[in-house]
Each structure stands twice: as C-alpha cells, then as structure tokens.
Amino acid sequence: MKALKRKTTRTDRTNPWHPYAWQTQSLMLAYPDEQFEQRLTLAGRVAATLPEPVARPLLRFTTHAEQIATAGLATAYVATFDHRKRCCPYLTYYAHGDTRKRGVALLRLKQTYAAAGWRLADDELPDHLAVVLEFAATDPATGARLLTEHRAGLELLRLALNDDGSPWAHVLDSVSATLPALAGDDREAVMRLAAQGPPEEQVGLDPYASPVFLPDPVVGGPR
C-alpha cells in the first residue's frame with residue numbers, strides 16, 4: 001500500500017493504542033519477505049505495550065515465527081491464504097463472494113481510502129485484511145467502522161485459521177480482541193456464512209484481480 005498523507009483521528013470508539021495494534025497486526029499478516037525479520041522484532045516490542053488480550057496472541061505468533069526460517073513461513077503463508085478459500089484474507093469476499101456486489105464494495109473501499117489521502121497500486125485489492133488494518137492505523141475512526149462492518153467475515157476467517165491450526169490464527173485472535181464482542185446480528189451472520197458460504201456468481205469484479213492470486217510482496221502491505 002502507498003500512503004500519501006497520514007491522517008490520525010480519534011473518537012470514543014477507539015483508544016490511543018488501537019493504531020499501534022492495527023499496524024502491528026497488518027505487518028504480521030503481510031507476506032513474509034526478506035524484511036520480515038525486522039518487522040517481527042518490531043512487532044514483538046510493540047505487542048508488549050498493548051493490552052493483554054491483544055498482546056498475548058500477537059506474542060504467540062511472534063514466538064512461533066521466530067523459530068521458523070522466513071522461507072518456510074512464506075511457504076506456509078501461500079499454502080494458507082492463496083490456496084484455501086475458507087482462509088481468504090479478502091474481507092468483501094465473505095459477504096459477496098465473486099459477484100457484482102463485491103465489485104461495488106471494492107470500489108467503495110477504494111473511494112474511502114482516496115478520501116483519506118491514500119492511493120493503492122492498480123493491481124492491489126483494497127479489502128485485503130493487511131491493507132484494511134494498515135489504513136485503520138492511520139485513520140482509526142474510519143478504520144474501526146470498516147473492521148466492524150466486516151466483523152462476520154473476520155470471525156469466519158479467525159475460526160477457519162484456528163480450525164487449521166494456522167499460526168496466523170493468533171493474529172486474527174488479536175484483531176478480534178480490538179473490536180466489540182459479537183452482537184446478535186453478527187453472530188447470526190457468522191452462522192449463516194459458515195452454513196451457506198459466500199455467493200458464487202462469478203461476474204462483476206473487473207478491473208479487480210481474483211482473490212486466489214495475490215500481488216507481489218510490498219513492505220508493510222499484503223503479498
């Protein structure tokens with residue numbers, strides 16, 4: 001992601017530590033490239049300053065990642081996020097699948113970023129969780145709203161990663177701890193998504209890429 005202007009907004013819905021948590025989680029959900037070890041060290045330092053429910057799962061992930069070569073972690077990342085639809089990191093996919101409605105949702109996200117002074121590369125999807133978290137770190141009020149709107153999809157991704165025993169489940173546990181508890185409607189949405197899955201109409205996504213293939217690694221952004 002390319003940030004043009006850093007915009008920070010605080011409201012009663014966010015705390016001063018939220019931007020640090022979201023930025024750290026974003027870095028940990030990015031593709032493990034040659035600079036991942038530096039980001040991992042930074043993540044451990046920041047996590048230690050966060051509230052315990054947010055910090056604990058993040059530190060579990062950093063501890064695990066420190067014990068694995070970056071190349072091995074990269075292989076696991078691809079196997080998890082590129083090859084398993086149930087672990088899709090693209091948030092609008094859970095609500096809309098590959099349908100025309102998803103194309104509209106992606107456009108609205110891109111417009112939200114542009115209004116805040118952000119610009120994405122042409123081949124970069126705006127609903128990748130790492131991108132949404134990075135944006136939330138710079139504009140907490142709007143970012144909190146976006147994350148809350150996609151709460152059901154986030155929860156389904158979290159459950160899928162936990163079911164698979166993925167180390168990135170810890171990062172999703174940390175993300176979940178930054179958000180309000182699931183309410184009645186959210187719980188129903190999660191159950192519905194789990195039972196039915198996303199819509200399957202394969203149209204309406206141009207000019208956006210398929211969620212199966214991710215863009216090249218970018219420092220601080222998703223792969």
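Two packed helices are described by the angle between their axes and the distance between those axes. Axes here are lines fitted to C-alpha atoms. Keep that in mind. One caution before we look: this is a predicted model.

Start with helix H9, residues 151-163, and helix H10, residues 168-177. They pack at an angle of about 150°, and their axes are 8 Å apart. Angles over 145 degrees count as roughly antiparallel. So H9 and H10 are roughly antiparallel to each other. The crossing of H9 past H10 is left-handed.

Who makes the contact? From H9 we have Arg151, Leu154, Glu155, Leu157, Arg158, Leu161 and Asn162. From H10 come Trp168, Ala169, Leu172, Asp173, Val175 and Ser176. Sort the residues of this contact by class: seven are nonpolar, two are polar and four are charged.

Stay on H10 for a moment. Ser174 lies in this helix too. Is Ser174 buried or exposed? Its relative accessibility is 0%, so Ser174 counts as buried. Leave out residues up to four places away in sequence, and Ser174 touches Gln25, Val54, Pro57 and Leu58.

Now the cysteines. Take Cys87. The closest cysteine sulfur to its own is in Cys88, 9.2 Å away, and that is too far for a bond. The cut-off is 2.5 Å. Cys88 is likewise in no disulfide. What about accessibility? Cys87 is at 0%, so Cys87 counts as buried. Cys88 is buried as well, with a relative accessible area of 4%.

Technical notes:
Residues are numbered from 1 along each chain as its sequence is written. This is a predicted model: local features need pLDDT of at least 70, side-chain atom pairs count only at pLDDT 80 or more; totals for chains, interfaces and linings use all residues. Side-chain values use heavy atoms; hydrogens and water are left out. Axes are lines fitted to C-alpha atoms, for helices over the stretch in contact, and angles run from 0 to 180 degrees between N-to-C directions. Helices (H or I, at least four residues) and strands (E, at least two) are DSSP runs, numbered from the N terminus. Angles under 35 degrees count as roughly parallel, over 145 as roughly antiparallel, 65 to 115 as roughly perpendicular and the rest as oblique. A crossing is left-handed if the near helix is turned anticlockwise from the far one by less than a right angle, and right-handed if clockwise. Contact means heavy atoms within 4.5 Å. Ala, Val, Leu, Ile, Met, Phe, Trp, Tyr, Cys and Pro count as nonpolar, Asp, Glu, Lys and Arg as charged, and the others, Gly among them, as polar. Buried means under 20% relative accessible area, exposed over 50%, partly exposed in between (1.4 Å probe, protein chains only).
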